[in-house]
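Thanks for coming. I will go through the charged side chains today, pair by pair.

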Amino acid sequence: MNKKVFISYWHSGHQIQKDELEKTVRASRNINNSVHIGDINENLPTERIYQIIREDYLKDSQVTIVLLGLHTNHRKHIDREIASSIRETFLNPRNGLVILVMPEMVPYVSAGTWNSERICGPRISKNIKNNYAVFDYYHNVINNPSKLNELIEKAYLNRNNVLPNNSDPYRSNNTSCTICGR
């Protein structure tokens, strides 16, 4: 069965990769339910933007795909999207969670520290460690619709078989990258 996916990513740094991933989502016969640039008025209050994302995009999605790059851990919107998507509510069931490790993260993955809270943030780290989130490398998935389908299906099943860890408060501000300093 085709799944509805929501892609969470750093808009300033991974727009090209997100656009490429959308093509693979289409080729895998899944449905992209993501926010596109220009869909939401950026001048709205932050809480209203989050409400629109929850009610108009996440509500109908079943799996959230996160592009994990150097800045992911430091972006408040990504943290809020992940937290909202793995939260079970009366109106919205929780989403499965797929983490795609971006190329700039490969040195940290090979160093064995990729799943630390410092590198990928507490919400992602805790959900990888408790096996709620499934993960792979972006380059393994980008031109491989069947691999993407495997990950989406596994994450979809996890949402009912594993409890996510959503215990951390929302990130309230963007911060500088602890690795690159930007």
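Is Lys-3 buried or exposed? Lys-3 is buried, because its relative accessible area is 3%, and the cut-off for buried is under 20%. Please keep in mind that this is a predicted model.

Now, what does Lys-3 do with its charge? Its side chain meets that of Glu-153 in a salt bridge, 2.9 Å from N to O. The two residues come from distant parts of the chain: Lys-3 is in the segment before strand E1, which covers 4-8, while Glu-153 is in helix H8, residues 145-161. They are 150 residues apart. Glu-153 itself is partly exposed, with a relative accessible area of 32%, whereas Lys-3 is buried.

Lys-3 has a second contact. It lies over the face of Tyr-156, at 4.4 Å from the ring centre. So the picture at Lys-3 is a salt bridge to Glu-153 and a ring contact with Tyr-156, with the lysine at 3% relative accessible area.

The charged end of Arg-80 sits over the ring of Tyr-170, 3.7 Å from its centre.

Next, the salt bridges. How many does a search of the whole structure find? It finds 7. A search for aromatic pairs, by contrast, finds 0.

Take Asp-79 and Arg-123. They form a salt bridge whose closest N and O atoms are 2.9 Å apart. Asp-79 lies in helix H3, residues 76-85, and Arg-123 in helix H6, residues 122-129, so the pair ties together parts that are 44 residues apart in sequence. Asp-79 counts as buried, at 14% relative accessibility. Arg-123 also counts as buried, at 3%.

Helix H6 comes up again with Lys-126. Lys-126 forms a salt bridge with Asp-168, the closest N and O atoms being 2.9 Å apart. Here too the pair links distant parts of the chain: Lys-126 is in helix H6, Asp-168 is in the segment after H8, and 42 residues separate them. Lys-126 counts as partly exposed, at 22% relative accessibility.

To recap the pairs: Lys-3 with Glu-153, Asp-79 with Arg-123, and Lys-126 with Asp-168. Then there are the two ring contacts, Lys-3 over Tyr-156 and Arg-80 over Tyr-170. That is what I have.

How values were computed: Residues numbered from 1 in each chain as written. Predicted model: local features only at pLDDT ≥ 70, side-chain atom pairs only at ≥ 80, totals over all residues. Heavy atoms only, no water. Phe/Tyr/Trp six-rings, centres within 6.5 Å; stacked < 30°, edge-to-face > 60°. Lys NZ or Arg CZ within 6 Å of the ring centre and 35° of its normal. Salt bridge = Lys/Arg side-chain N within 4 Å of Asp/Glu carboxyl O. Helix = DSSP H or I, 4+ residues; strand = E, 2+ residues; numbered from the N terminus. Buried < 20%, exposed > 50% of the residue type's maximum accessible area, 1.4 Å probe, protein only.
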